Amino acid sequence: LRPPAGSRSMSAAEDAEWLRWVTKQFGSIAGEDKEIDLEEFKTALQVKESFFAERFFALFDSDGSGTISLEELLKALSLLVHGNETDKLRFLFQVYDVDGKEMKNGMICGFWAKLAAWLSSERPSAASPLSFGTGSGSIDADELRVVLRWCLRESAIALPEERLGDLTLALFEAADKDHSGSITFEELREELQGFPEVMENLTISAASWLKPPPPVERSRRPRCLTRAYWHNHRSQLAFLGGYAGLNLLLFALAALRHAGLGGWVAVARGCGQCLNFNCSFLAVLMLRRCLTWLRATPVAAVLPLDQHVVFHQLVGYVVLALAAVHTAAHVANFSRLAWQDGRRGLAEYLLRARPGAGGLGGTASQTGLALQALLAAMLAFASPCVFYWTHLSYIPVWTLLLLHGPHFWKWFAVPGCLFALEKVLGLAWRRAGGLRVLEVNLLPSKVTHLVIERPPFFHYEPGDYVYLNVPAIATYEWHPFTISSAPEQQETLWLHIRSLGQWTNKLYEYFQQLESPSPEPKPLSRSLREKRCQRWVQVGADGAQLLADAECYIDGPYGTPTRRIFTSEHAVLIGAGIGITPFASILQSIMYRYRRRKQSCPSCHYSWCEDLRDEEMTLRKVDFIWINRDQKHFEWFVSLLTKLEMEQAEQEPGEQFLEMHMYMTSALGKNDMKAIGLQMALDLLAAKEQRDSITGLRTRTQPGRPDWSKVFGKVAEEKKGKVQVFFCGSPALAKVIRAHCEHFGFRFFKENF
């Protein structure tokens, strides 16, 4: 709702616009009867449970007809929009004052009596606040417990009854100032004064459809022309400029060399020379081992190695365009020759080998048409379901190019040899011997945590990924997964695999069938408090039969943009959902390095950490942000994060080097009437116990989505050095974060493989 509580009143124009918009939105949900029933009201307010919808609905339904008319809605909303802070707090108080019949009759009648008086007079001032009729006029512990239980359901948070009791007690003790055994309106208002963010914008979640959309701020110039954009994309733009310039140079040189043979031939030869380069360059961009090695060299600071997949796709489209122009130019030239000759038709030029026509044995036309058909097939079948199999046609494409172009081998010799060498090494590594799956942890959120024995001489960096093959699932399928364990962990490798597709679902189900019967699982909230709910498949002396079935192969490791983190000064790690996986490895590695630097005085046993600014790690500060949709997804790494918090508290009790920020998007925020009490109780209990009730961490889990302007504004204010932001998650969220990074002048890197 607009404006926020405590802000200025609406102007006449804003008021008219707001009323027009409410009328429009009302019509979109009311239907033909021009009335809103409880279910429609519940949908409009975006509430999950009926408790709050029924209480709000009862207040809005002035005549008790069971439906709300437009007139009733406008009257009630006008009060909540134009009313002062006290009006809205009284509305909140009455929602919490659960008193059955007295609540239904007394409060509703009082509400509408006051509303009628308010509408017939001038708007109330702070000196004469509007008051509502009430139920009992106070909130006891049982009422508070009932409301908090519905708050938990509305925010999709599952806590045991014992924990609900702790929350109720924490909030009740804080609000009951006179220890009378009940909370009055004045006591509630006094307690809310300690939460200014609540008072700043108190709503009932109707804002999404009850206010006009904010005006779109149009930039004076396109984003790609801003200074921040060029600064953050300088390596990519420089690479694109060099790539385009090289293609133009190759085209011009080849076209000028064959200009005497006619315009069509010059165009065909120019495109052909560019195709020689681009078809070879396609292989270079997919040399994963070579690119991983380059990441550890100074070249990584100049070349956009992190975007090699994107550039591979771009070069692929360039090849398709050049091939189409190349073919069209040759066909046009053959048409001209056939018309001049008169004895041979166009088909003879295209389909019959002719000595001197180019290619091996004069087959340039035939191999060219075959190449064009293969490229067209790759384009036509580039959907995800058949992408892998159509892309295997690169083998016949390169073979035909060697037969088609007399000079292609010169361009392809080095990239082709490196590509073949990588494939041979990969095949040899994959078939050198299977690895044992030592432990499997099946999480309720359908995440498979594999603990695999680490091969000898297997060296990797935090954030690297491997290709995994499990013959029991699919003999020839290899899938990339980020290593979630730290390189300093010598004996095992960890992989956390979320069940999203056919292969990953089969993996989860396969180990689920192998596990021994286990007791009935505990509630999720309890499993989080006791670190995790674990179900292990043990592979050892007692599991000989399982040992043969739990064999796997890995290929890698391969580097990612997160390798840059240890050369940053202030790193911001943002993971969405299972996107935390590469950062789990990085955070563990950071703490391992901290342990190595820990010093202790032999006399007084005082311990401290040496300065981290060395050739191995230049980090001054790390902000870790983890965004999850619901509570159960925090189970993936909650035990690891708890351990990191404990270690940091022991080694660095003062200023935090590693600062964690947890967000749960399904939870309602502190400015929502359906969650105010819950969020206040969670804050109070967390401050008392130094532990979050949702995850068990010391870091308080924040409801809703991050306000990126505030998050990055705080990072900028800390001035810990050059800021680099590393993100792993959905492309949609990546766009939002990238835009904010450009605004603040931060470097942005997205995990991409």
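Start by selecting lysine 714 and glutamate 659: the two form a salt bridge, with their closest N and O atoms 3.5 Å apart (a salt bridge is a side-chain nitrogen of Lys or Arg within 4 Å of a carboxyl oxygen of Asp or Glu). The pair ties together distant parts of the chain, with lysine 714 in helix 28 and glutamate 659 in strand 11 (residues 658-664), 55 residues apart. Helices (H or I, at least four residues) and strands (E, at least two) are DSSP runs, numbered from the N terminus. Lysine 714 is partly exposed, at a relative accessible area of 39%, while glutamate 659 is buried at 18%. Here, buried means under 20% relative accessible area, exposed over 50%, and partly exposed in between (1.4 Å probe, protein chains only).

A word on what you're looking at: this is a predicted model, where local features need pLDDT of at least 70 and side-chain atom pairs count only at pLDDT 80 or more, while totals for chains, interfaces and linings use all residues. Residues are numbered from 1 along each chain as its sequence is written, and side-chain values use heavy atoms, with hydrogens and water left out.

Next, pick aspartate 692 and arginine 700. Their side chains meet in a salt bridge at 3.9 Å, N to O. Is aspartate 692 buried or exposed? Aspartate 692 is buried, with a relative accessible area of 1%, and arginine 700 counts as buried too, at 12%.

One more pair is worth a click: glutamate 161 and arginine 145, a salt bridge whose closest N and O atoms are 2.9 Å apart. Glutamate 161 belongs to helix 8 and arginine 145 to helix 7, and the two are 16 residues apart. Both count as partly exposed, glutamate 161 at 43% relative accessibility and arginine 145 at 26%. A search of the whole structure finds 16 salt bridges.

While you're there, select alanine 156, in the loop between helix 7 (141-154) and helix 8 (161-175). What is its phi near? Phi of alanine 156 is near 60°, a positive value in a residue other than glycine. Most residues other than glycine have a negative phi. Alanine 156 counts as partly exposed, at 35% relative accessibility.

For another positive phi, jump to lysine 719, at about 50° and not a glycine. Lysine 719 lies in the loop between helix 28 (708-718) and strand 13 (723-728). With 72% relative accessibility, lysine 719 counts as exposed.

Now go to asparagine 469, in strand 3 (residues 465-469). Asparagine 469 is buried, at a relative accessible area of 0%. Its side chain has a polar atom 3.1 Å from the backbone oxygen of alanine 474, and also reaches the backbone oxygen of threonine 475 at 3.1 Å. Show everything in contact (heavy atoms within 4.5 Å) and, leaving aside neighbours within four places in sequence, asparagine 469 touches residues including Tyr476, Trp478, Cys552 and Tyr553.

Threonine 695 is the next stop, in the loop between helix 27 (676-689) and strand 12 (701-703). Threonine 695 counts as buried, at 1% relative accessibility. A polar atom of its side chain lies 3.2 Å from the backbone nitrogen of leucine 697.

For a surface view, colour Val414, Leu418, Leu421 and Leu425, which make a nonpolar surface patch of about 350 Å². Patches are made of residues with over 30% relative accessible area and no salt bridge: like charges are joined within 9 Å, nonpolar side chains (Val, Leu, Ile, Met, Phe, Trp, Tyr) within 5 Å. Areas come from the Shrake-Rupley method with a 1.4 Å probe; for residues, only the protein chains shown count as cover.

Finally, zoom out. The protein chain has 29 helices and 14 strands, and 49% of its 753 residues count as buried. It exposes about 36,200 Å², with carbon and sulfur atoms supplying 59% of that.

Technical notes
Polar contact = N/O pair within 3.5 Å; in protein donor to acceptor, adjacent residues only side chain to side chain.
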